[in-house]
Amino acid sequence: MLTKPEDYYDAETFARIKKFADQKETPCLVVDSQLFTRQLDELMTCFPYAKTYYAVKANPAPELLSILRDKGCNFDVASRYELDKVMALGVTGDRVSYGNTIKKAKDIRYFFERGVTLFATDSEADLRNIAKAAPGARVFVRILTEGAQTADWPLSRKFGCQTDMALDLCILARDLGLVPYGISFHVGSQQREIGVWDSAIAKVKWIFERLEEEDGIKLKMVNLGGGFPASYISRTNDLQTYAAEITRYLKEDFDDNFPEIILEPGRSLAANAGILVSEVVLISRKTRFGLHRWVFTDIGKFGGFIETTDEAIKYPLYVEKKGETEECVIAGPTCDSADILYEQYKYHLPLNLASGDRLYWFSTGAYTTTYSAIEFNGFPPLQGYVI
Ligand SMILES: Cc1ncc(COP(=O)(O)O)c(C=O)c1O
């Protein structure tokens, strides 16, 4: 079945984005600031008790960062370059957390000198670097969680540590003169199974209790990470359902004595607000009687669609032409055979689709411009606009 714009956007919003894109060369990403603001307002309404730390990596367009700044949000920053971007907009260090557990000692110092006092960690080596470069700072320890199988873009294994190690790190933090401030986790991006927050929060609660009872350390904060849904082809529950369930888990574990709760949304705020427009370069078949066409378009894995790796994220795809359709393989424009977007999952596209026709990729506002290569095959990075 062909994707319909009205399944993802109201008519006025789609018309506004399309009209703007019509004047632009492809490929380009057009992000609608009203839609972004709507997503942000919804999140803040759903979690009225939580502080939002936007994951800048999802889409660092200054126009979006300014909206977040003006709404009083905070920023989850992964590198000194992201920090510079955020601070250039007048955001002060006390609204930033250095959320990357993999960092150089000199970068920790860079953050600390600019007023950042909240740092993620998951290893002793990093903690010792923080103690030296950011004396007295607050640290939160990231734990490993379940959920890799039900997240479209899992973030497990590389980040986080076992609960026992989290205890050790909190104790070491105190001994090194840091403030053991809280526990964080990320259940995986585009997480479809809300229940994984339940087990993660239960682990956190256990750590809180153990540390208070046995070591006199009173943690203050729980960072629930990202993982909230965007609207792709595969269904998810809506954000209200996520919020209601997660709030219930928190109440079950913490009663009404909630610690400070932090969210780090990226995808759920930026994805739906953007439409990436590409153009068909060529259409071909590989054999005389091949059953499906190959549609080559001017956006590929290296132009920003890295999350099509293993066909993990399936973006809704709209074309204006109607009529009989056929299954297609969709591939990017570069001279690399890894640059195939979808081969197992077959998109249906109209038989009359032709070179030069435009493809509208919905919900592409997150993790596209930032992933785009700078010069692979000479193609420039993906052009992003905010309207
Ligand atoms: C530390 C951290 N926080 C938050 C996010 C954002 O997650 P999401 O895009 O699922 O909202 C990420 C994504 O990589 C992350 O690494």
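Trainee: Which residues does UniProt list for "domain: Orn/DAP/Arg decarboxylase 2 N-terminal"?

Mentor: The UniProt record, an unreviewed entry, lists residues 36-271 under that name. Keep in mind that the structure here is a predicted model.

Trainee: How much helix and strand is there over residues 36-271?

Mentor: That stretch is 43% helix and 17% strand. Its end C-alpha atoms are 9 Å apart.

Trainee: What does the domain assignment give for the chain?

Mentor: Domain 1 covers 34-270, and domain 2 covers 273-386. Their C-alpha centres lie 33 Å apart.

Trainee: How many residues of each are in contact?

Mentor: On the domain 1 side there are 21, in contact with 16 residues of domain 2.

Trainee: Which elements give two or more residues to the domain 1 side?

Mentor: Helix 2 (33-46), helix 3 (62-70), strand 7 (151-153) and helix 10 (267-270) do. The largest share comes from helix 2, with three residues.

Trainee: And how do the residues on that side divide into nonpolar, polar and charged?

Mentor: There are 11 nonpolar, six polar and four charged residues on the side of domain 1 that touches domain 2.

Trainee: New topic: strand 8. Why is it called largely enclosed?

Mentor: Strand 8 (residues 179-184) has five of its six residues buried, so the rest of the structure largely encloses it. A residue counts as buried if 20 or more other C-beta atoms lie within 10 Å of its own.

Trainee: What pairs with strand 8?

Mentor: Strand 6 (residues 138-142) pairs with strand 8 in the parallel sense over five bridges. For example, V139 has P180 of strand 8 as its bridge partner. Strand 10 (residues 221-223) also pairs with strand 8 in the parallel sense, over three bridges. There, S184 is bridged to N223 of strand 10.

Trainee: Now strand 17. Mostly covered or mostly open?

Mentor: Strand 17 (residues 358-362) is mostly covered, with four of its five residues buried.

Trainee: Does strand 12 run parallel or antiparallel to strand 17?

Mentor: Antiparallel: strand 12 (residues 274-284) is joined to strand 17 by five bridges. I275 has F362 in strand 17 as its bridge partner. Strand 14 (residues 317-318) pairs with strand 17 in the antiparallel sense too, over two bridges.

Trainee: Last one. Which residues come nearest to the ligand?

Mentor: Of the 16 residues around the ligand, A55, S189, G226, G266 and R267 come nearest. By class, the shell has five nonpolar, eight polar and three charged residues.

Notes. Residues numbered from 1 in each chain as written. Predicted model: local features only at pLDDT ≥ 70, side-chain atom pairs only at ≥ 80, totals over all residues. Domains from an automatic or database assignment. Contact = placed C-beta atoms within 7 Å. Nonpolar A, V, L, I, M, F, W, Y, C, P; charged D, E, K, R; others polar. Near = placed C-beta within 6 Å. UniProt positions renumbered as here; feature names shortened; annotations may be inferred. Buried ≥ 20, exposed ≤ 12 C-beta atoms within 10 Å, placed from the backbone. Pairing = 2+ DSSP bridges.
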